[in-house]
Amino acid sequence: MKWSATGMVALCGWLALGQPAEAQTLSTCSDARLGEDARCGTMAVREDRSRPDGRMIDLNMVLLPASGASRAEPLFLLAGGPGQAATDLAGLALGPFAPLRQTRDIVLVDQRGTGGSNPLDCPSGSAEDPRKSFGALFRPAELAACAKRLSAHADLTLYRTDEVVADLDEVREALGYERVVLWGGSGGTRTALVWARSFPDRVAAMVLDGVAPTDFTAPSPYAPGVQRSWERVVEDCAAQPACAAAFPDLPGDLDRVLARFDAGPVSTTVAVDENRAVPVTMTRGDFGYALRGLLYGARTVAYAPALVHGAAQSGDLSTFARLLWQRDVAVNQGVQVGVHFAIFCAEDVPFLTPAADAAAAGTFVGTYLLDQYRAACDAWPSEPVAAAYREPVRVDTPTLLFSGYYDPTTPAEQADHVARSLPNSRHIVVRDQAHGAEFGCGRPAVLAFLTRGSLEGLPEVCGEVGPVTFETEPPAS
């Protein structure tokens, strides 16, 4: 569900620090879907905390108050991307997390640079012209032009995770909360970890789903992760009689598709709608990125064997072209690109090593993603974080971690790595999920943990869950 951050009205009369959350005067939200009791507003923070007379930026937020008289620590939802707006997670707050509102406020704050908080957007134009989705993941000249435009109202070096966390803790204090409970998804897991390390007395508990450590060094794990995810699909398909019979040589199918690019890019089309197909030119990197997108979610993983086999048999790459275009449009609409690079170009890409290239070279994606991110960061103004920032986070905060078995981006090994520095943690790997794993069989454990804030007595979950059941026919459309 996409929730627009537009129309969130300013907080009326931000009250003195230290007042309880229920005493704050926020405005009724203009978005009726949030409910009659939802409150929306903005809070001004200093963009550069070293300059007392510097620019102020407004943080956009939504507060969904607890319904009961007894109040526990509030739950802050931290979005991923990086570059997604937290207010876009309102569907989670009103859906899977709704039972928590008996005792907890739920707070969604668009981190600086996203949503309604001085957004750093660089529109790609791919929604109007599908050809822009092909040939390169990022276009450095366009990014440089966007960075120049955004620099008129933002210091692009000040939108890192540590600055985001400082903002969020100011919001916590202004709302009168002594401690908070955190849920982070994907890139939001890093935000949660840095918050817990920076203010350990302020974070009571954390749920981390699809874990991105502070020493993650994106995109170095991406190509090996896609390769591993595909190999798990191949292995599980071979173990399912129907899938094995329908697709007896999946590794060969992928090799046959990749061989089509040996002579260079391949011409195909993108079906924009029922009446229009746009000619495009697909590179091997485009195809690898499209397959990576297919492996992101459990529902689409289920079709991966059928779609790869179909492309190998027919030579038609139009389905993968459409998938690539649709994913590109969705990412550009849901992620502020300026924040994406403000974080990756300061916290990850400068720390890539030749070992990352060596690991990627043995995969079907190759060094494509490494090359694309390096080129993008060469065009984006940034200052690398200090080495100490990238140390593992070591806190005693009760933490529940989730990983999806097929996840091509934040594999379970990364959560294991983080958990080794979190002595009060539990890690659950969900066998039938990919990126974002907790809302199936893991939901009872999440709700129990977020209700009590303790790992003690959590229900056993996901132990009987098996692999994805693969479809033997492609989706209808």
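Mentor: Start with helix α3, residues 161-174, in this predicted model. Helix α3 lies across β2 (39-46), β3 (56-64), β4, β5 and β6 (180-185). Its direction is at about 125° to β2.

Now the sheet under it. The sheet is open and has 9 strands. Their order is β1-β2-β3-β5-β4-β6-β7-β10-β11, with mixed pairing. β1 (27-28) and β11 (425-430) are the edge strands; each has a single partner, so one side of each has no neighbour in the sheet. Strands in a sheet pair through backbone hydrogen bonds, in parallel or antiparallel fashion. Here, β4 (residues 75-78) and β5 (residues 106-109) pair in the parallel sense, over 3 bridges. Leu75 has Ile106 of β5 as its bridge partner.

Next, helix α4, residues 187-198. Helix α4 lies across β4, β6 and β7 (203-209). Relative to β7, helix α4 runs at about 160°.

The angle between α3 and α4 is about 65°, and their axes are 9 Å apart. That angle makes α3 roughly perpendicular to α4. The crossing of α3 past α4 is right-handed. From α3, the contact uses Thr161, Asp162, Val164, Val165, Leu168, Asp169 and Arg172. From α4, Arg190, Thr191, Val194, Trp195 and Ser198 take part. Sorted by class, this contact has 5 nonpolar, 3 polar and 4 charged residues.

For contrast, look at another helix pair. Helix α7 (residues 250-259) and helix α10 (residues 304-314) have axes that come within 8 Å. They cross at roughly 50°, and α7 and α10 are therefore oblique to each other. α7 passes α10 in a left-handed crossing. Leu250, Asp253, Leu254, Arg256 and Val257 of α7 meet Pro305, Val308, His309, Ala311, Ala312 and Gln313 of α10. The contact of α7 with α10 divides into 7 nonpolar, 2 polar and 2 charged residues.

Last, helix α8, residues 284-294. Of its 11 residues, 10 are buried, so α8 is largely enclosed by the rest of the structure. Among the buried residues of α8 are Phe287, Tyr289, Leu291 and Leu294. Arg292 of α8 is buried too.

Conventions:
Residues numbered from 1 in each chain as written. Predicted model: local features only at pLDDT ≥ 70, side-chain atom pairs only at ≥ 80, totals over all residues. Heavy atoms only, no water. Pairing = 2+ DSSP bridges. Helix = DSSP H or I, 4+ residues; strand = E, 2+ residues; numbered from the N terminus. Contact = heavy atoms within 4.5 Å. Axes fitted to C-alpha atoms, helices over the stretch in contact; angles between N-to-C directions. Parallel < 35°, antiparallel > 145°, perpendicular 65-115°, else oblique. Left-handed = near helix turned anticlockwise from the far one by under 90°. Nonpolar A, V, L, I, M, F, W, Y, C, P; charged D, E, K, R; others polar. Buried < 20%, exposed > 50% of the residue type's maximum accessible area, 1.4 Å probe, protein only.
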